[in-house]
Amino acid sequence: SGTFDGNSGGSNFGLSFLKIGPTGTLLDWFTPFNWSFLSTTDADASMGALVVPNTNLVLGGGKPGLLYVLDRDNLGHHRPTDDNQIVQSLQASSSGRMYGTPTYWDSPTYGPVIYTFAASDPLKAFRLVNGRFETVPAAESPQHAESGMPGGMMSLSANGSGPGTGIVWTAMWSEGDANNRIAAGVLRAHDAGDVTRQLWTSEQNAARDRLGDFSKFSPPTIANGKVYVPTFSNRLVV
């Protein structure tokens, strides 16, 4: 949230995407046409940016479930009436807020695809076709995130594009609402080549694997055959 006056030579860039050069120079930017409404209604951009591999695209968005898909060499600046100057506006969720940055895989099943997991939503896979994301998900999981905040924090592990190797790992809260309070967490694993298949959760054998308290906005980290998940339970779970 914040103010914006970059279109009139100012230095305030609330709710904006900024392209910064090596010396800190502002090279390019994009600000939604309705930035003031988004800011005053607490509907601001709230996730990190995802650079889409093998393309010139970068995307991000936030609370209204809207993703802005931008050309990294021409972000689009600001227009007062609409956002038609950018590559695409993708309504990834209409039921819940989205805080976790999407994750990407060049899937043997779906082709190039991004995954989203907004609050109240299922895990969704959106295919990238001819430089645009399809507006209808290629697949959705039967499992939904709890309503409230903040949705799933995702990472993906895979052996390249090898069939059967992709896993979407999602850390989320397991009950109630994690807004303004500590909530119990759960780690989920879905087949990235078929998100209708949930492979495992930390609650299947809770006595051994229970995650503890959910650490908001902290995606898992995967390395050397292990998944690392921070928690608010004073421990790092592996």
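Modeller: A search of the whole structure finds 1 cavity of 30 Å³ or more. On a 1 Å grid over the protein atoms alone, a cavity is a set of points where a 1.4 Å probe fits but cannot get out, while a pocket is an open set with protein on both sides within 12 Å along at least five of seven lines; lining residues have an atom within 4 Å of a point. Grid points are joined across faces, edges and corners, and a volume is the space filled by probe spheres set on the points. This is a predicted model, in which local features need pLDDT of at least 70 and side-chain atom pairs count only at pLDDT 80 or more, whereas totals for chains, interfaces and linings use all residues. Residues are numbered from 1 along each chain as its sequence is written, and side-chain values use heavy atoms, with hydrogens and water left out.

The largest cavity has a volume of about 60 Å³. Its lining includes Leu-15, Pro-32, Leu-38, Gly-61, Gly-62, Lys-63, Pro-64 and Leu-66. By class, this lining holds 8 nonpolar, 2 polar and 2 charged residues (Ala, Val, Leu, Ile, Met, Phe, Trp, Tyr, Cys and Pro count as nonpolar, Asp, Glu, Lys and Arg as charged, and the others, Gly among them, as polar).

Gly-61, one of the lining residues, belongs to strand E4 (residues 57-61), where 5 of 5 residues are buried. Buried means under 20% relative accessible area, exposed over 50% and partly exposed in between, with a 1.4 Å probe and protein chains only; strands (E, at least two residues) and helices (H or I, at least four) are DSSP runs numbered from the N terminus. Both faces of E4 are covered, with Leu-57, Leu-59 and Gly-61 on one side and Val-58 and Gly-60 on the other. In a regular strand the side chains alternate between the two faces of the sheet.

E4 pairs with strand E3 (residues 50-51) in the antiparallel sense over 2 bridges, pairing being assigned if DSSP finds at least two bridges between two strands. Val-51 stands opposite Val-58, and in the hairpin of E3 and E4, with 5 residues between the strands, Asn-54 takes a positive phi near 60°. E4 is also joined to strand E5 (residues 66-71), running antiparallel, by 5 bridges. Here Gly-61 is opposite Leu-67, and the hairpin has 4 residues between the strands, among them Gly-65 with a positive phi near 80°.

Turning to the cores, a nonpolar core is a set of buried Ala, Val, Leu, Ile, Met, Phe, Trp, Tyr and Cys residues joined through side-chain atoms within 4.5 Å. The largest contains 31 residues, of which Tyr-110, Tyr-115, Leu-123 and Trp-173 touch the most other members. Elements giving two or more residues to this core include strand E8 (111-116), strand E9 (122-129) and strand E13 (167-173), and E13 gives the most, with 5 residues. Apart from this core lies another, of 16 residues, among them Leu-57, Leu-59, Leu-67 and Phe-133.

Finally, the largest pocket has a volume of about 190 Å³. Helix H2 (206-209) and E18 each supply at least two residues of its lining, which divides into 8 nonpolar, 1 polar and 2 charged residues. E18 also takes part in an open antiparallel sheet of 3 strands, in the order E17-E18-E19. Strand E17 (221-223) and strand E19 (236-237) stand at the edges with a single partner strand each, so one side of each is left without a neighbour in the sheet.
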